[in-house]
Amino acid sequence: MDITPQMIRQLVPFAEFLEIDFPELSPHLVVAQLADRPEYGTIGGGVHGGAVMALADVAAAVMAVMASGDPAAAPATMQSSTNFLRPARGVLRAEAEVTRTGRTTVVDVRVTDSSGEACAVVRQIVSVKAAAQPASI
C-alpha cells in the first residue's frame, strides 16, 4: 500500500493546516513531525498540549489506516488517553505503532521533542471503517 505524505495532507486538511510532516510511513510504524513554530507556543515557551495531542491524534489515525491495508479506509478516534511527562519544546516527533487490531485498533504513540526525550505518551482506540464499495447494478 502506497500512502504518501502528500496524500495524507490532501485527505486530512488539519494535518496540512498544522504542517505535519511524515518522514516514515509503513504498516508497522508511522512517524509524524510538527515543526517548531511560535503559533504552537504556550506560557513559558513550551509547545501547547493541544498541539501535542493533535500531532498524536493524526499519527494514530494514519497508523490505523496503514495497518488496515486499505488506503481509502476511514479512521475515527473512539478514545484517547494522553499522559504528559514534561513540557515539550522545539520540534515534536510522534512515533505511532499498532498494539492490537480487531473490531477496533489500539495505537500507542510516543511523542519526543528536540531534546529526544519523551514528553508525552498517548494510547488511542481507533475505529477503522473499510472504504465504501461502489453499488453494483
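Start by selecting Glu16 and Arg9 and showing their side chains: they meet in a salt bridge, 3.6 Å from N to O. Keep in mind that you're looking at a predicted model. Glu16 is partly exposed, with 43% relative accessible area.

Next, pick Glu19 and Arg37. This pair also makes a salt bridge, with the closest N and O atoms 3.5 Å apart. Now look at where the two ends sit: Glu19 is in the loop between α2 (13-18) and β1 (21-25), while Arg37 is in the loop between β2 (30-34) and α3, so the contact ties together parts that are 18 residues apart in sequence. Colour by accessibility and Glu19 comes out partly exposed at 46%; Arg37 is partly exposed too, at 23%.

Glu39, at 56% relative accessibility, counts as exposed.

Last stop: select residues 49-68, which is helix α3. Is it mostly covered or mostly open? Mostly covered: 14 of the 20 residues in α3 are buried. Draw a distance from the first C-alpha of α3 to the last and you get 29 Å, close to the 28 Å expected at 1.5 Å a residue. Then step just past the end of α3 to Gly69, which takes a positive phi of about 80 degrees.

Key. Residues are numbered from 1 along each chain as its sequence is written. This is a predicted model: local features need pLDDT of at least 70, side-chain atom pairs count only at pLDDT 80 or more; totals for chains, interfaces and linings use all residues. Side-chain values use heavy atoms; hydrogens and water are left out. Helices (H or I, at least four residues) and strands (E, at least two) are DSSP runs, numbered from the N terminus. The expected span of a helix is 1.5 Å times one less than its number of residues. Buried means under 20% relative accessible area, exposed over 50%, partly exposed in between (1.4 Å probe, protein chains only). A salt bridge is a side-chain nitrogen of Lys or Arg within 4 Å of a carboxyl oxygen of Asp or Glu.
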